[in-house]
Amino acid sequence: MYLVGIIPGPREPALDEINHFLRPVVDFFLPSWKDGIWFTKTINHTAGRLSRSVIAVAVNDLPAARKLAGRAGPTANQMCGLCWLLKSDIADFDWEKWRRRTLGEHKAAAEEWKNAETKVERDKIFKQHGVRWSELLRLPYWDPTRFIMINGMHNLFLGLVQHHFRGLIVIDKQASKELRKGQQRHVDLKDLQKGRDTLILHPTMSAMTRLHVDERLGNVQRPSWHRGPPKNLGDAEHGKLKAEQWKSSIEFDLPAALMQLWGSEHTANGSNDDRKSQWQKLVHSTMLLAIAIRWGTSHVTSPHHAQQYTRYMKAYLECVKGIFPHHSWHPNHHATLHIREFLLRYGPMHGWWMFPFERIIGALQKTNTNYKIGERAIHKNTKRRV
């Protein structure tokens with residue numbers, strides 16, 4: 001992997017400020033596409049050959065992709081850069097009826113925004129189309145509706161999986177810590193009954209269930225190379241979970257633990273039928289999500305893989321909508337149904353997700369810097385013998 005450059009800090013560029021950093025990159029690639037580079041001799045072409053270079057794919061998390069393409073942010077009504085679905089209709093998961101954006105529509109709106117003479121005009125155009133000018137549009141072949149990918153690492157693992165277990169099942173409720181403390185103090189019966197009533201109305205993971213999940217995670221035997229979730233999952237002590245840990249969680253650990261707790265054999269005394277039904281629906285939604293991700297992250301792909309991924313992902317979203325009719329949906333939920341087209345266009349997700357890039361970013365973040373452009377502070381450790 002070749003690292004060309006880094007945008008200087010201490011903060012990331014805001015909105016269209018990124019164009020200042022894209023301009024020299026585009027200036028370099030324009031003649032590389034138009035005129036190309038002539039190699040006088042190669043191993044397969046002794047008489048020489050012409051080579052052209054293009055920017056074919058951009059892999060980013062969702063906020064960076066929006067800046068790169070000049071798209072609206074997640075709070076805007078024009079929330080998607082690939083289709084015309086509005087945020088007010090974010091719960092519409094009938095993806096086959098979504099009207100796709102075209103390159104012509106995107107370019108026309110971006111040109112109109114660029115040529116506007118006042119900020120008021122630009123704001124009006126942006127509100128209508130959800131598009132700003134991007135320097136990448138100077139490249140004659142650039143198509144932001146096809147070349148800017150929805151990154152599976154952020155969308156699936158740090159987006160959907162994390163939201164499912166933290167937002168829906170509420171696996172990291174601080175109540176677990178309070179329960180451990182509360183085992184040694186008096187419990188008010190009124191508060192206890194209030195808690196029971198809350199669990200009936202909102203069938204999320206209670207503190208006691210959290211403790212059962214912790215116990216099952218601690219008893220799992222796994223290969224030495226397999227990194228599972230922390231055994232104290234849900235507590236603040238383990239820190240922020242990495243995408244790899246959420247990936248491991250959805251692949252086996254949490255679906256298996258929830259199946260043992262809330263599956264069809266869950267017939268705990270005192271559980272009413274409504275609460276049991278809600279628990280089983282949450283287990284079902286978890287299994288749908290796990291199956292969809294299994295199809296979507298396979299090391300091989302095909303039209304059948306893409307179809308099965310979309311089928312189970314849509315079923316998962318509809319299942320959650322049935323359990324929580326007033327759920328607050330995120331743009332990640334909408335974007336996940338667009339991954340199908342990238343599986344068909346670019347092949348297995350392992351070839352274009354951001355795990356390798358994030359490792360480099362992690363290494364760079366640990367590098368000392370003096371924040372002076374063009375200079376680098378080199379620190380050398382020396383040992384003195386006494």
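**Entry 1: α6 and α10**

I started with helix α6 (residues 152-168) and α10, whose axes come within 9 Å and cross at roughly 40°. Helices here are DSSP runs of H or I with at least four residues, strands are E runs of at least two, and both are numbered from the N terminus. The axes are lines fitted to C-alpha atoms, for helices over the stretch in contact, and the angles run from 0 to 180 degrees between N-to-C directions.

I then looked up the name for that angle: α6 and α10 are therefore oblique to each other. Under 35 degrees counts as roughly parallel, over 145 as roughly antiparallel, 65 to 115 as roughly perpendicular, and the rest as oblique.

I also noted that α6 passes α10 in a left-handed crossing. Left-handed means the near helix is turned anticlockwise from the far one by less than a right angle, and right-handed means clockwise.

Before going further I wrote down the ground rules. This is a predicted model, where local features need pLDDT of at least 70 and side-chain atom pairs count only at pLDDT 80 or more, while totals for chains, interfaces and linings use all residues. Residues are numbered from 1 along each chain as its sequence is written, and side-chain values use heavy atoms, with hydrogens and water left out.

Which residues meet between α6 and α10? On the α6 side I listed Met153, Phe157, Leu158, Val161, Gln162, Phe165 and Arg166. They meet Ala243, Trp246, Lys247, Ile250, Leu254 and Leu258 in α10. Contact means heavy atoms within 4.5 Å.

**Entry 2: α10 by itself**

Where does α10 bend? I found that helix α10 (residues 243-262) bends by about 60° at Ile250. The bend at a residue is the angle between axes fitted to the seven residues ending there and the seven starting there. Ile250 is also one of the α10 residues that meet α6.

I checked how covered α10 is, and 14 of its 20 residues are buried. Buried means under 20% relative accessible area, exposed means over 50%, and partly exposed is in between (1.4 Å probe, protein chains only).

Next I followed α6 to helix α12 (residues 303-323): their axes come within 13 Å and cross at roughly 30°. That makes α6 roughly parallel to α12. I noted a left-handed crossing for α6 and α12 too. Leu156, Leu160, His164 and Leu168 in α6 meet Tyr309, Met313, Tyr316 and Val320 in α12.

From α12 I moved on to helix α14 (residues 339-346), and the axes of α12 and α14 come within 9 Å and cross at roughly 170°. That makes α12 roughly antiparallel to α14. I saw Pro303, Ala306, Tyr309 and Thr310 of α12 in contact with Ile339, Arg340, Leu343 and Leu344 of α14. Tyr309 is on my α6 list and on my α14 list.

Is Ala69 buried or exposed? I looked it up in helix α2 (residues 62-69), and Ala69 counts as buried because its relative accessibility is 2%. Leaving aside its neighbours within four places in sequence, Ala69 is in contact with His106, Arg132, Ser134, Pro144 and Ile148. Ser134 is 65 residues from Ala69 in sequence, yet their C-alpha atoms are 6.0 Å apart.

Ala65 lies in helix α2 as well, and it is buried, with a relative accessible area of 3%. Not counting residues up to four places away in sequence, Ala65 touches Asn60 and Ile148.

I found Glu135 in the loop between α4 (119-129) and α5 (144-147). Glu135 counts as buried at 6% relative accessibility. Its contacts, leaving aside neighbours within four places in sequence, are Asn19, Leu22, Arg23 and Val26. Leu22 is 113 residues from Glu135 along the chain, with 6.1 Å between the C-alpha atoms.

Ala335 is in helix α13 (residues 331-335), and at 7% relative accessibility Ala335 counts as buried. Ala335 touches Ile150 and Asn155, not counting residues up to four places away in sequence.

**Entry 3: the whole protein**

Last, I noted the totals: there are 15 helices and two strands, and buried residues make up 41% of the 386 residues.
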